[in-house]
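Work through the exercises below with the sequence and the structure in view. Try each task before reading its solution.

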Amino acid sequence: MKTYKINIAGMERALPLCAINDDLYIGAFIIVGDPSLSEHCARELLKIAPEFDYVLTAETKGIPLVHEMARQRGDAKYIVARKSKKLYMVDPFFVEVQSITTAARQKLYLDQLDVETMKGKKVLIVDDVISTGKSLEALEELAERCGANVVGKMAILAEGEAADRDDILFLEKLPLFNAEGEPIS
Ligand SMILES: O=P(O)(O)OC[C@H]1O[C@H](OP(=O)(O)OP(=O)(O)O)[C@H](O)[C@@H]1O
């Protein structure tokens, strides 16, 4: 399998190129199971993060990153929008989302305890990768419905056209690829 070598603020990884369709490949950025990577990226993102009360992310790959950001700051809590409804959630609500890497539509759930926690607070939205921006949009909608004040949106990598956005903070650009493994954006 072809790989794309990326340097993320001084840490190198080889990302396997995976087909979205015959003509479009992505570099799979797998932060889950790589604690030294999440520790490093959390530290680098905190250096450029605006002031915030809580971080909000989406299950799954955002979790190790925000966990590490919260741990490094000594935060008592961070908020995770879950992709399925759990029995212990209090009066949960959801928004729908479709990301670049997951074919099926997904749901992001928050419960009322999270709503109360974020209401009127400075919330920083964080994900591992922003690509089409649909996941970020869904998280913004959740934060809005909580009455939170979104102070920033950030990711480790901005993929494809996301790298041209001026409303997000990120550490590195990640191109999209053709079937030959050549960058196309
Ligand atoms: O900007 P977008 O096109 O929305 O893509 C980015 C999202 O896609 C990936 O998650 P994925 O849907 O693969 O889910 P996972 O983290 O549960 O694996 C990634 O972790 C972001 O959350």
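**Exercise 1: Serine 131**

The model is predicted. Find where serine 131 lies, decide whether serine 131 is buried or exposed, and state which side chain makes a polar contact with the side chain of serine 131.

Solution. 
- Step 1. Locate the residue: serine 131 is in the loop between S8 and H4.
- Step 2. Check the accessibility. The relative value for serine 131 is 16%; buried means under 20%, so serine 131 counts as buried.
- Step 3. Look for the polar partner. The side chains of serine 131 and glutamate 159 are joined by a polar contact of 2.7 Å.

**Exercise 2: The ligand**

Determine how many residues surround the ligand and which are the closest. Then give the distances from the ligand to the side chains of lysine 83, serine 99 and serine 135.

Solution. 
- Step 1. The ligand is surrounded by 18 residues. The closest are Ser99, Thr101, Asp128, Thr132 and Ser135.
- Step 2. For serine 99, an N or O atom of the side chain is 2.5 Å from an oxygen atom of the ligand.
- Step 3. For serine 135, a polar side-chain atom lies 2.6 Å from an oxygen atom of the ligand.
- Step 4. For lysine 83, the distance from a polar side-chain atom to an oxygen atom of the ligand is 2.8 Å.

**Exercise 3: An aromatic pair**

How many aromatic pairs does a search of the whole structure find? Classify the pair formed by phenylalanine 94 and tyrosine 109, and describe the surroundings of its two members.

Solution. 
- Step 1. The search of the whole structure gives two aromatic pairs.
- Step 2. In the pair of phenylalanine 94 and tyrosine 109, the ring centres are 5.4 Å apart and the planes stand at 55 degrees, so the pair is tilted.
- Step 3. Phenylalanine 94 belongs to strand S6 (residues 93–97) and tyrosine 109 to strand S7 (residues 106–110), so the pair ties together parts 15 residues apart in sequence.
- Step 4. Phenylalanine 94 has a relative accessible area of 35% and is partly exposed, whereas tyrosine 109, at 11%, counts as buried.
- Step 5. Look over the face of phenylalanine 94: lysine 107 lies there, 4.5 Å from the ring centre.

**Exercise 4: The nonpolar cores**

State how many residues the largest nonpolar core has, which elements give two or more residues to this core, and which of them gives the most. Then follow leucine 139 and leucine 142.

Solution. 
- Step 1. The largest nonpolar core has 27 residues. Among those with the most contacts inside it are Leu56, Leu108, Leu139 and Leu142.
- Step 2. Two or more residues of this core come from each of strand S4 (54–58), strand S5 (79–81), S6, S7, helix H3 (112–118), strand S8 (122–130), helix H4 (134–145) and strand S9 (149–159).
- Step 3. The most come from H4, with five residues.
- Step 4. Take leucine 139. Leaving aside neighbours within four places in sequence, leucine 139 is in contact with Leu56, Thr57, Ala58, Ala81, Leu108 and Ile125.
- Step 5. A second, separate core has 25 residues, including Leu15, Leu37, Phe52 and Leu124. Over the ring of phenylalanine 52 sits the charged end of arginine 73, 3.7 Å from the ring centre.
- Step 6. Return to leucine 142, which lies in helix H4. With a relative accessible area of 0%, leucine 142 is buried. Not counting residues up to four places away in sequence, leucine 142 touches Ala81, Phe93, Val95, Leu108 and Leu110.

Conventions: Residues are numbered from 1 along each chain as its sequence is written. This is a predicted model: local features need pLDDT of at least 70, side-chain atom pairs count only at pLDDT 80 or more; totals for chains, interfaces and linings use all residues. Side-chain values use heavy atoms; hydrogens and water are left out. Rings of Phe, Tyr and Trp (its six-membered ring) pair if their centres lie within 6.5 Å; planes under 30 degrees apart count as stacked, over 60 as edge-to-face and the rest as tilted. Helices (H or I, at least four residues) and strands (E, at least two) are DSSP runs, numbered from the N terminus. Buried means under 20% relative accessible area, exposed over 50%, partly exposed in between (1.4 Å probe, protein chains only). A charge sits over a ring if NZ of Lys or CZ of Arg is within 6 Å of the ring centre and within 35 degrees of the ring normal. A nonpolar core is a set of buried Ala, Val, Leu, Ile, Met, Phe, Trp, Tyr and Cys residues joined through side-chain atoms within 4.5 Å. Contact means heavy atoms within 4.5 Å. A residue is near a molecule or strand if one of its heavy atoms lies within 4 Å of it. A polar contact is a pair of N or O atoms within 3.5 Å; within protein, one must be able to donate a hydrogen and the other to accept it, and residues adjacent in sequence count only if both atoms are side-chain atoms.
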